[in-house]
Each structure stands twice: as C-alpha cells, then as structure tokens.
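Biologist: I am new to this structure and would like to see what stands behind each label before I rely on it. Could we look at it together and go through the terms one by one?

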Amino acid sequence: MSGPQGPIEPMRPADRPIDREVRIGHVHLRTADIDRVRRFYVDVLGFDVVFEAREVPGWGTTGDILFVSAGGYHHHLGFNTWKSAGGSAQPDGVAGLHHVALNFSSKAELAQTVKRLVEVDWPLRQLTDHGTHLAVYLSDPDGNDLELAWDRPFDQWPRYGADDAPAIDAPLDLDVLLAAVER
C-alpha cells in the first residue's frame with residue numbers, strides 16, 4: 001500500500017523498546033494570557049482547574065500558571081506565561097509541537113465537546129475519519145493545534161493493505177457526529 005510519500009511501512013518494534021506501559025502524562029504549553037486560555041479550556045472544553053497561581057514569588061520565574069485536568073489527574077495540560085506573556089503564536093514553518101490529541105472515552109463525549117465549540121462559534125479547521133479514529137482539528141486561543149479524537153475499538157479498525165480498506169483521511173460529517181450527543 002502506498003501513501004502520499006511512498007510505501008506505508010508496517011509497524012516495526014524498536015530494537016531496545018521503551019516500557020510498553022508508558023503513557024504521555026501531561027503537556028505544558030506557553031500562553032500569552034492565562035485568563036484567555038482558562039476561558040477556553042475550562043469554560044468551553046470543560047476541564048477542571050487543579051492549580052492556578054499568579055506571579056508566584058520564589059519560583060525563580062515571573063508569570064502565571066494554570067494546571068487543568070479531566071477526572072482528577074494532577075494535570076493533563078499545564079499553561080504558563082513565564083516566557084510568553086503577551087506574545088504571539090508560533091508561526092508556521094518552524095519546528096515544534098504539531099498538535100496535542102485529546103482522546104475521548106466515547107463518540108458521544110467527543111460529540112458533546114464539539115457541540116460546545118459549535119455553540120460558541122469556535123472555528124473547527126478539519127473534521128476527519130481516519131479509520132482508526134474520528135478527529136476534529138482546531139486551534140486554541142494561542143494558536144496551539146488540538147485534535148479532539150475518539151478511537152474506534154481495535155476490532156473495527158481498517159486492515160491496511162486490504163482491498164476494502166477505506167481512506168485514512170475521509171471527511172467526517174459534523175451533523176452526523178453531533179447526532180451522537182447523548183440526550
């Protein structure tokens with residue numbers, strides 16, 4: 001099977017593999033404005049505030065910090081203004097973080113969050129059915145890209161290389177996704 005850059009190679013285990021139980025614990029992002037990012041991640045997306053501080057003396061840095069969580073983890077996302085207060089978003093064409101994926105427990109939970117974004121007219125950049133998962137791409141107030149995703153159960157994944165395997169970047173219909181909202 002070929003992709004846009006040539007043949008798609010099958011997964012190859014590392015010669016010296018990392019712990020197979022390792023998980024990405026949290027992502028810490030710079031922000032220009034803690035209040036603005038708080039309104040987006042807490043008021044719109046629905047994260048819980050775990051910790052928030054303004055200009056903490058003695059930390060060796062100046063600026064604000066916000067930790068948010070889904071379900072009581074110490075923090076899934078951290079934000080600070082230590083080197084970025086009032087700054088602009090990263091321009092395209094530079095190396096760095098491409099996006100952060102937030103994986104939802106069900107299609108209905110993903111749809112509920114996307115519904116909240118639609119209700120506040122937040123721009124959704126791309127809606128894609130990747131075969132293995134559904135994905136909604138957008139940018140946060142600082143221009144950090146997010147992928148809101150729901151993984152299909154493994155037994156429903158397309159078998160790449162099979163003649164009937166769908167495209168891995170098929171369009172996802174917003175109305176069909178929103179219909180999955182639990183009432």
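Modeller: Let us begin with aspartate 121, which is found in the loop between helix 2 (107-119) and strand 8 (126-129); helices (H or I, at least four residues) and strands (E, at least two) are DSSP runs, numbered from the N terminus. This is a predicted model, in which local features need pLDDT of at least 70 and side-chain atom pairs count only at pLDDT 80 or more, while totals for chains, interfaces and linings use all residues. Residues are numbered from 1 along each chain as its sequence is written, and side-chain values use heavy atoms, with hydrogens and water left out.

Biologist: Why does aspartate 121 count as exposed?

Modeller: Buried means under 20% relative accessible area, exposed means over 50%, and partly exposed lies in between, with a 1.4 Å probe and protein chains only. Aspartate 121 has 67% relative accessibility, and therefore it counts as exposed.

Biologist: What else stands out about aspartate 121?

Modeller: Aspartate 121 has a positive phi of about 60 degrees, although it is not a glycine. Most residues other than glycine have a negative phi.

Biologist: What makes phenylalanine 40 and tyrosine 41 an edge-to-face pair?

Modeller: The structure holds six aromatic pairs, and phenylalanine 40 with tyrosine 41 is one of them, at 4.9 Å centre to centre and with 90 degrees between the planes. Rings of Phe, Tyr and Trp (its six-membered ring) pair if their centres lie within 6.5 Å, and planes under 30 degrees apart count as stacked, over 60 as edge-to-face and the rest as tilted. Phenylalanine 40 is also buried, at 2% relative accessibility, and tyrosine 41 is buried with a relative accessible area of 0%.

Biologist: Which term describes the pair of phenylalanine 40 and tryptophan 122?

Modeller: Phenylalanine 40 and tryptophan 122 are 4.5 Å apart, centre to centre, with 35 degrees between the planes, and this pair is called tilted. The pair links distant parts of the chain, since phenylalanine 40 is in helix 1 (residues 34-44) and tryptophan 122 is in the loop between helix 2 and strand 8, 82 residues apart. Tryptophan 122 has 23% relative accessibility and so counts as partly exposed. Phe40, Tyr41, Phe47, Phe79 and Trp122 form one aromatic cluster.

Biologist: How do you know that aspartate 140 has no salt bridge?

Modeller: A salt bridge is a side-chain nitrogen of Lys or Arg within 4 Å of a carboxyl oxygen of Asp or Glu; Lys and Arg count as positive and Asp and Glu as negative, while His and the chain ends are not counted. For aspartate 140, which is buried, the nearest side chain of opposite charge is arginine 36, at 6.9 Å, and there is no salt bridge. Aspartate 140 has its place in the loop between strand 9 (133-139) and strand 10. Leaving aside neighbours within four places in sequence, aspartate 140 is in contact (heavy atoms within 4.5 Å) with Val37, Phe40, Tyr41, Phe79, Trp122 and Leu146.

Biologist: Why are strand 7 and strand 11 said to stand at the edges?

Modeller: The open sheet of five strands has the order 7-10-9-8-11, with mixed pairing. Strand 7 and strand 11 (170-171) each have a single partner strand, so one side of each is left without a neighbour in the sheet. Helix 2 packs on this sheet, touching strand 7, strand 9 and strand 10, and its direction makes about 150 degrees with that of strand 10; here axes are lines fitted to C-alpha atoms, for helices over the stretch in contact, and angles run from 0 to 180 degrees between N-to-C directions.

Biologist: How do you know that strand 7 and strand 10 pair?

Modeller: Two strands pair if DSSP finds at least two bridges between them, and strand 7 and strand 10 (residues 145-151) are joined in the parallel sense over five bridges. Alanine 101 stands opposite glutamate 147 in strand 10, and the bridge partner of asparagine 103 there is alanine 149.
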